[in-house]
Amino acid sequence: MEDISQILFSYNPEMMGIKAVIDEVSSADIPVLIKGEEGTGKELIAKIIHLNSTRKGKPFVKVNCAGLHKTIIESEIFGFEKNPLMGIHTNKPGKIEIANGGTLLINEISEMDMSTQAKILQVIQDKVFSRVGGEKDIKVDTRIIATTKNHIESSILEGRFMEDLFFKLNVINITIPPLRNRKEQIPHLSKFYFDYYKKKFKKEKAILSNKLLKAIEEYTWPGNIRELEDTIKQVVLDRSEDEIIKQIKRYRPQDSEKKENREIDLYKEIRENFNLKEIGKRAAEEAEKEIIRATLNETRWNRKNAAKLLNISYKALLYKIQKYRME
């Protein structure tokens, strides 16, 4: 049986090209940004990069930013220090410490708030960070790989993502095409998951008929590999073949085209209605505001200490606090 990673980088020219990039970047030991729709295999690609790097014997740790509150994301990544006043009675290392020497995969990094982004930027640049509520710097040697399903550039234009962090991550940018653009892989992936779940669930009598396989190959898979895997699992678990075909045919191929057209229209609207200089200024101000807020929280609003950490004068800090209405 073919390995999933073999299938991922075979049968499709674009994925073969991505494999060549991965072979080069794995040993380069620099941050990587992986883009693609949900379910395209971003996490698997990140794991392959780790396993082909000099860090392969060290931890591979994941954190998912999607749906988490910003304070939870920060404490998950950076951990926290014991602070009875805040109801924290023990020290807890974050995932960036646990991954020391290895790789930290940050899924959906565009969902991360600006102050946490600033701390990630510090880790990439200086290899140091501080836990939530902590004052001392902790040194780490952790490689950062980030994924996003969104157009992160639009988050920069809207002032929700730091341009500096984007540039640091985007040195190597891998964009994974959706499964509908690599249909050659669908029969091989179907066979792989069918054999895998047939063995796992001990369903020796399960059948993947030619009729069903044809319907699977013609489907556009908006949920990509993840949706295909779930569908094959249903096949193995004896769900009616006719029901599955009916479910597949309910989705119209033009829906994905409409989605892509809406995204193109969105970018046209952004270009026509916004001044790029104004957007850049607004994004810079928002980033500055979040960094100042994070530093003030770190120093428990000791303005003199915060000014020193920010490398600005005390008067300048007071002005910015007033400007951003942070009193």
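This short talk goes through the salt bridges of this structure and then one of its helices.

Before I start, please keep in mind that this is a predicted model, in which local features need pLDDT of at least 70 and side-chain atom pairs count only at pLDDT 80 or more, while totals for chains, interfaces and linings use all residues. Residues are numbered from 1 along each chain as its sequence is written, and side-chain values use heavy atoms, with hydrogens and water left out.

Let me begin with the charged pairs. Side chains of opposite charge can pair when their charged atoms come close. The structure holds 23 salt bridges, a salt bridge being a side-chain nitrogen of Lys or Arg within 4 Å of a carboxyl oxygen of Asp or Glu.

One of them joins Glu153 to Lys35, with 2.7 Å between the closest N and O atoms. This pair links distant parts of the chain, since Glu153 belongs to helix 7 (residues 152–157) and Lys35 to strand 1 (residues 32–35), 118 residues apart. Helices here are DSSP runs of H or I with at least four residues, and strands are runs of E with at least two, numbered from the N terminus. Lys35 is buried, at a relative accessible area of 12%, whereas Glu153 is partly exposed at 30%; buried means under 20% relative accessible area, exposed over 50%, and partly exposed in between, with a 1.4 Å probe and protein chains only.

A second example is the salt bridge between the side chains of Lys203 and Asp238, at 3.1 Å from N to O. Lys203 lies in the loop between helix 9 (186–200) and helix 10 (210–218), and Asp238 in the loop between helix 11 (224–236) and helix 12 (241–250), so the pair ties together parts that are 35 residues apart in sequence. Lys203 is partly exposed at 27%, and Asp238 is exposed at 53%.

There is also a network of salt bridges, which links Asp29, Arg55, Lys127 and Asp141.

My last pair leads to the helix. Glu288 and Lys320 meet through their side chains in a salt bridge, 3.0 Å from N to O, and they connect helix 14 (residues 276–298) with helix 16, 32 residues apart.

In helix 16, which spans residues 314–323, Leu317, Lys320 and Ile321 are buried. They lie on the same side of helix 16 because they cover an arc of only 105° around the axis, the arc being that of the directions from the helix axis to the C-beta atoms. On the other side, Lys315, Tyr319 and Gln322 are exposed. After helix 16 comes Arg325, whose phi is positive, near 55°.
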